[in-house]
Amino acid sequence: VGVWVVGAVAGAGVVLGLREASVLVNHLQTLWMSGASGRGQDARETRTMIGQMGRTKGSGRIVMRVTVPAGSQGVPLLRETTYTLYRGEVWQSGGARREFMPVYPETNETSWVFLAAPARHEVVISAYLEGGRGLLAAPHGVTRLDELPVFDLKTNYLGVVRVDVGPGLVEYRARSGETATMDGPPEPALDLEVPEVERAALAQVAAQLRLAELPPAERVRAVERFFHVQFEYSLYQSMAAAAYTNTAHATPLAWFLLEGRKGHCEYFATAATLLLRQAGIPARYTVGWSVQEAAGPGKYVIRGRHAHAWCIYYDAAAGRWQELDATPGTWLGREENARAWWEPVADVFSWLYWQFSRLRWGQGRLRQYVLVVLLAAVAVLAARFAWEARRRRRAVGGAAARVAQGRAGLDSEFYAVERRLAQMGLARAPHEPMRLWLERIAPQLPAGLPAWEPVVRLHYRLRFDPRGLTPEERERLRRESAALLAGLAAARPAARKAQAKGERV
């Protein structure tokens, strides 16, 4: 029975472990950040987490840094890639023109012009490229990229910019305007396509909002208000979201639109894109980053959890593509509340690695100052070496002088007086200053002794004054020390006699 119970418990544990591992694998497959740098989008397709139960959590690792130059206007979103076809919770970039075409740089080899349009916004973006290749983040309506030292740059009709050959870190200046975009014109077969399985739910919502009765501009505003007012942002999906097949809703997106009404940005971006298409407005699904965390005046950091999804729609009146972020603004605070306590420590190491990478890949203005810094360091070391050599010579000379002076002072005649007092039981305590010693034993000294102060002063000068004593002063020290010894010798028998008399009493 015991073996059977142990086997049953072990089997249940294995089953639970396999289920948790399966959930983990599904989450790992759909993480926004798959590379070592936290970035890893595929320009051809992306598998969303729509329909996945549990909590969606992004990484706190810094994947990009953004600087807004003084006098320029920043941007809230940086687009990385765009998709057109939605199939079973997967977005794809369909169409015959989805292939990338090369872009040729200007004569300076670091400027890449996409559009001959005025630029209003400007940001400097610093991002890693794993293996020297990857997708570049850029603001909507980007017209050109400057200071981008790559060898092979390509783009496609969806406005996606890809580097095929470049350094491991790039730091480029992106300029964007509001009059034109790189995105190709709408293709009805793609940008108005709605999956058959989603049409019933989308038609129900469109009828509820009366989108068919509104002009195109008002349809967009109605869709935006619908999601911002009647929905809630959530990083957690309960079992009900995963069990949509057991309800009247055919897909998790239909459950989100008609019943659940809460989810993360992929739900909102997908639903908004398809709802706009249902209303007859060409729209595309866009993936990128939110620029929201300030790291100083005009400086921002982008973490893995700042990955975001939104949509773009074609404004026929303006003749250009516009952005629409249907996700409620509360998502910013929800993501920031998910930060870990050790994040500031990790940020320090991230900053150090970033500085090292900038120097390694020649980004910024660090490398051009390396030679100057090295020459300055060599000059400082040479000056320090010369100063140390001179200091050692002086120290050796000073030590020799001090040794010579110390040896000359050790023959002071006053030491004979000190030894005589020690023989009389009036020894000087270790580390006791001489003046305090003489004051302590003064009551026990015989009367009539010569003055101590001149002798002690001459003794100290002989020991510690670099100039020493003149011949006359040295003779005086000998003479007065001899007088003190004579006075102590004459008083010694009397002191012994008085001591013996006291013992007899």
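This is a predicted model: local features need pLDDT of at least 70, side-chain atom pairs count only at pLDDT 80 or more; totals for chains, interfaces and linings use all residues.

Trainee: How many residues does α9 itself have, and how far does it reach?

Mentor: Helix α9 covers residues 343–360, which is 18 residues, and from its first C-alpha to its last it reaches 25 Å, close to the 26 Å expected at 1.5 Å a residue.

Trainee: And which residues of α9 are buried?

Mentor: Those are Glu343, Ser350, Trp354, Gln355, Ser357 and Arg358. Looking down the axis of α9, you would find its buried residues within an arc of 160 degrees, so they line one face of the helix. On the other side of α9, by contrast, Val345 and Phe349 are exposed.

Trainee: What covers the buried residues of α9?

Mentor: The cover includes the strands β3 (62–67), β9 (121–128), β14 (169–176) and β20 (299–303).

Trainee: You mentioned Trp354; what sits over its ring?

Mentor: The charged end of Arg65 does, at 4.7 Å from the centre of the Trp354 ring. Elsewhere, Arg162 lies over the face of Phe100, at 4.2 Å from the ring centre.

Trainee: Staying with rings, how many aromatic pairs are there in the whole structure?

Mentor: A search of the whole structure finds 16 aromatic pairs. One of them is formed by Phe256 and Tyr267, which is tilted, with 5.0 Å centre to centre and 40 degrees between the planes. This pair links distant parts of the chain, since Phe256 belongs to helix α6 (residues 252–260) and Tyr267 to helix α7 (residues 265–278), 11 residues apart.

Trainee: Are Phe256 and Tyr267 buried or exposed?

Mentor: Both Phe256 and Tyr267 are buried, and they belong to one aromatic cluster together with Phe226, Phe227, Phe231 and Phe268.

Trainee: Changing topic, where does Ser412 lie?

Mentor: Ser412 lies in the loop between α10 (370–409) and α11 (414–423), and because its relative accessibility is 4%, Ser412 counts as buried.

Trainee: What does Ser412 touch, then?

Mentor: Leaving aside residues up to four places away in sequence, Ser412 touches His459, Leu462, Arg474 and Leu477. With His459 there is also a polar contact of 2.7 Å between the side chains.

Trainee: Last one: where is Asp191, and is it buried or exposed?

Mentor: Asp191 is in helix α2 (residues 188–191), and Asp191 is buried, with a relative accessible area of 1%. Beyond four places in sequence, Asp191 touches several residues, among them Thr84, Arg277, Arg284 and Trp321.

Conventions:
Residues are numbered from 1 along each chain as its sequence is written. Side-chain values use heavy atoms; hydrogens and water are left out. Helices (H or I, at least four residues) and strands (E, at least two) are DSSP runs, numbered from the N terminus. Buried means under 20% relative accessible area, exposed over 50%, partly exposed in between (1.4 Å probe, protein chains only). Contact means heavy atoms within 4.5 Å. A polar contact is a pair of N or O atoms within 3.5 Å; within protein, one must be able to donate a hydrogen and the other to accept it, and residues adjacent in sequence count only if both atoms are side-chain atoms. Rings of Phe, Tyr and Trp (its six-membered ring) pair if their centres lie within 6.5 Å; planes under 30 degrees apart count as stacked, over 60 as edge-to-face and the rest as tilted. A charge sits over a ring if NZ of Lys or CZ of Arg is within 6 Å of the ring centre and within 35 degrees of the ring normal. The expected span of a helix is 1.5 Å times one less than its number of residues. The arc is that of the directions from the helix axis to the C-beta atoms.
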